[in-house]
Amino acid sequence: MKKNLLFTGLIALFLCAVSTEGVNAQTAEVSVGGGVASPYKINPSTISALKKVEVTVKGHDGKDHHYSGVSLYEVITKAEAVPGNLLKGKTMAKYVLITAADNYQVVVAIPEFDPAFTDQVIVLADKEDGKALAANLGPYRLVVPGDKKPARSVMRVISIEVLDARKP
Ligand SMILES: Nc1nc2c(c(=O)[nH]1)N[C@H]1C(S)=C(S)[C@@H](COP(=O)(O)O)O[C@H]1N2
Ligand SMILES: [Mo]
């Protein structure tokens, strides 16, 4: 009898953990902030207002993967990261720090994805090969198509900060 109760309790705990993980995955947001005029959060409702972009990149598995989402340029433009969207002078020292749920962090310089400087479109993806990203990868993942290795393809992005190398 006691064993039965313990077993039922363990099952209940397990189900609880599984459903909490599910809720977290659905409500996970990306905060867009740092030195910007209009910080905001990316979630299913705010992302739907942004233009959709798609890229194809070769994964670690050697196969092509198709990612869709929004461009990092539009993400920081919506936050009013650069006055007049014209990168020049002092704003040339601005950069973007991407942080993941596991505290992995990478840096991207704005000219690496600003259409005034390059054709490379860096994507904050919410879909891989047509499907929502699995909980261990998403719900949001950065994709840097021009990189030879995928080290900046940050999984489980939770924060995008526009910072200034001139201000410590
Ligand atoms: N959140 C997070 N994202 C991450 C990492 C990490 O440790 N944490 N590792 C990076 C590195 S070093 C690589 S090589 C790729 C591996 O992604 P892939 O297995 O989809 O090729 O994920 C990148 N994204
Ligand atoms: Mo890596």
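1. Start with the surroundings of Thr99. Leaving aside residues up to four places away in sequence, Thr99 touches Tyr104, Gln105, Arg156, Val157, Ile158, Ser159 and Glu161. The model is predicted.

2. Where does Thr99 lie in the secondary structure? Thr99 belongs to strand β5, which covers residues 94-100.

3. Is Thr99 buried or exposed? Thr99 is classed as buried, because its relative accessibility is 8% and the cut-off for buried is under 20%.

4. One of the residues touched by Thr99 is Gln105. The side chains of Thr99 and Gln105 are joined by a polar contact of 2.9 Å.

5. Now the ligand. Ligand 1 sits in the largest pocket. Around ligand 1 are His60, Ala100, Asp102, Tyr104, Arg141, Pro150, Ala151, Ser153, Val154 and Met155. Tyr104 is in this set, and Tyr104 is also among the residues that Thr99 touches. Ala100 surrounds the ligand too; strand β5 runs over residues 94-100.

6. For Arg141, a polar side-chain atom is 3.0 Å from an oxygen atom of the ligand.

7. Met155 contributes through its backbone. A backbone N or O atom of Met155 lies 2.9 Å from a nitrogen atom of ligand 1. As for cover, ligand 1 on its own has 530 Å² of accessible area, and the protein covers 70% of that.

Conventions: Residues numbered from 1 in each chain as written. Chains lettered and ligands numbered in written order. Predicted model: local features only at pLDDT ≥ 70, side-chain atom pairs only at ≥ 80, totals over all residues. Heavy atoms only, no water. Helix = DSSP H or I, 4+ residues; strand = E, 2+ residues; numbered from the N terminus. Buried < 20%, exposed > 50% of the residue type's maximum accessible area, 1.4 Å probe, protein only. Polar contact = N/O pair within 3.5 Å; in protein donor to acceptor, adjacent residues only side chain to side chain. Contact = heavy atoms within 4.5 Å. Near = heavy atom within 4 Å. Areas by Shrake-Rupley, 256 points an atom, 1.4 Å probe, with all protein chains shown as cover. 1 Å grid on protein atoms, 1.4 Å probe; cavity = no way out; pocket = protein on both sides within 12 Å on 5 of 7 lines; lining within 4 Å. Sits in = over half its atoms within 2 Å of the grid points.
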